[in-house]
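Opening the notebook on this one. I want to go through charged pairs, then helices, cores and rings.

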Amino acid sequence: MAAMATPDPNRQDALVRRAAFDWLEAQTARHGDVLPRGLPSQGFEWHGQRVPLVGPAGIFKPRVLPEIPLTITTAPDGPYEDTFGDEHRLLCRYHGTDLNHRDNRGLREAMHRRTPLIYLFGLIPGRYLAVWPVFVVGDNPDKLTFTVMADAQDTITDSLARGADREIRDEPEEPRRRYITATIQRRLHQRSFREPVLSAYRERCALCRLRYRELLDASHIIPDSPSPRYLSRTSRASSKSMRSYVLRYGTR
């Protein structure tokens, strides 16, 4: 009897990532780009195996993947200070201080192979802004950080197929990634304001008491406060129709 063929780990990695990206696209089409943690925690089914997108650590590789992580997750109250290094790049902290920790080795391998990842930005406890694909484009062991940039979703198929055949610094997609990452940064700032305000008002319009998150906006009622502690005093959640009415006619 002929021996069974050994599965190609690179092909399996690409297939799982493609399935994860397709699943995320379906979930964000249904729920919006901010997802409750339960969705990525549960994940999706792939050939009879459950594939979660998040785990206990910020850098997460589900069991079905052979080597490279699938997701980078930040928590609003987490131990790692992942920040934008400038308006075009994100600085992702190492897992701990061990350069050779398996999570850090995994992201380093993702950089070398040009493997697309998912980034889940924690906005408030239990809610995450989903961004994909993102790529590790730099490694700074002295500062224990990786540099990450986002790219267009229509580049995923090409990214999964071509592999690490060129140096990152010579990529023609650098200007596109800079633009897209800057756009993501602005969206992250907007969602980082909206989600705490909706939470402070219990996802209810402050004027008409409507409870339908998709129809709610967050707005400043006095200039922006740097502290989320005062969001309920300086900001307001309101339905789009009520906000338009107030902007036009005032509150009297």
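**Salt bridges.** I started with the charged side chains and got a count of nine salt bridges. This is a predicted model, so I only took side-chain atom pairs at pLDDT 80 or more. The general idea I kept in mind is that side chains of opposite charge can pair when their charged atoms come close.

I looked up R17 and D13 to begin with. Their side chains meet in a salt bridge, at 2.6 Å from N to O. The two are four residues apart in helix α1, so about one helical turn separates them. Buried or exposed, for R17 and D13? I found R17 buried, and D13 is buried as well.

Next I checked E174 and R89. They form a salt bridge whose closest N and O atoms are 2.7 Å apart. This pair links distant parts of the chain, with E174 in helix α5 (residues 174-200) and R89 in strand β7 (residues 89-93), 85 residues apart. E174 counts as partly exposed because its relative accessibility is 23%, and R89 is also partly exposed at 23%.

Then R108 and D139, another salt bridge, with the closest N and O atoms 2.7 Å apart. Here too the pair links distant parts of the chain: R108 sits in helix α3 (residues 102-113) and D139 in strand β9 (residues 127-140), 31 residues apart. R108 has a relative accessible area of 15%, so I put it down as buried. D139, at 26% relative accessibility, counts as partly exposed.

I also noted a network of salt bridges that links E67, E109 and R113.

**Helix α1.** Back to the helix that holds R17 and D13. I checked its length: 23 residues (9-31) at 1.5 Å a residue should span 33 Å, and the end C-alpha atoms are 32 Å apart, which agrees. Besides D13 and R17, the buried residues of α1 include F21, W23 and L24. After α1 comes G32, and I read a positive phi there, near 95°.

The largest nonpolar core has 25 residues, and the ones with the most contacts inside it are L107, L117, Y119, F121, V131 and V148. Which elements give two or more residues to this core? I listed β7, α3, β8 (117-124), β9, β10 (145-150) and α5.

Leaving out residues up to four places away in sequence, V148 touches I72, R89, L90, C92, Y119, V134, F135, V136 and V137. There is also a second, separate core of 20 residues, and L35, V64, L65 and I118 are among them.

**Rings.** Last, the aromatics. I counted three aromatic pairs. Why is the Y119 and F121 pair called stacked? The ring centres are 4.3 Å apart and the planes lie at 5°, so the pair is stacked. I checked burial too, and both Y119 and F121 are buried.

The charged end of R177 sits over the ring of F135, 4.1 Å from its centre.

Technical notes. Residues numbered from 1 in each chain as written. Predicted model: local features only at pLDDT ≥ 70, side-chain atom pairs only at ≥ 80, totals over all residues. Heavy atoms only, no water. Phe/Tyr/Trp six-rings, centres within 6.5 Å; stacked < 30°, edge-to-face > 60°. Buried < 20%, exposed > 50% of the residue type's maximum accessible area, 1.4 Å probe, protein only. Lys NZ or Arg CZ within 6 Å of the ring centre and 35° of its normal. Expected span 1.5 Å × (residues − 1). Salt bridge = Lys/Arg side-chain N within 4 Å of Asp/Glu carboxyl O. Core = buried A, V, L, I, M, F, W, Y, C linked by side-chain atoms within 4.5 Å. Contact = heavy atoms within 4.5 Å.
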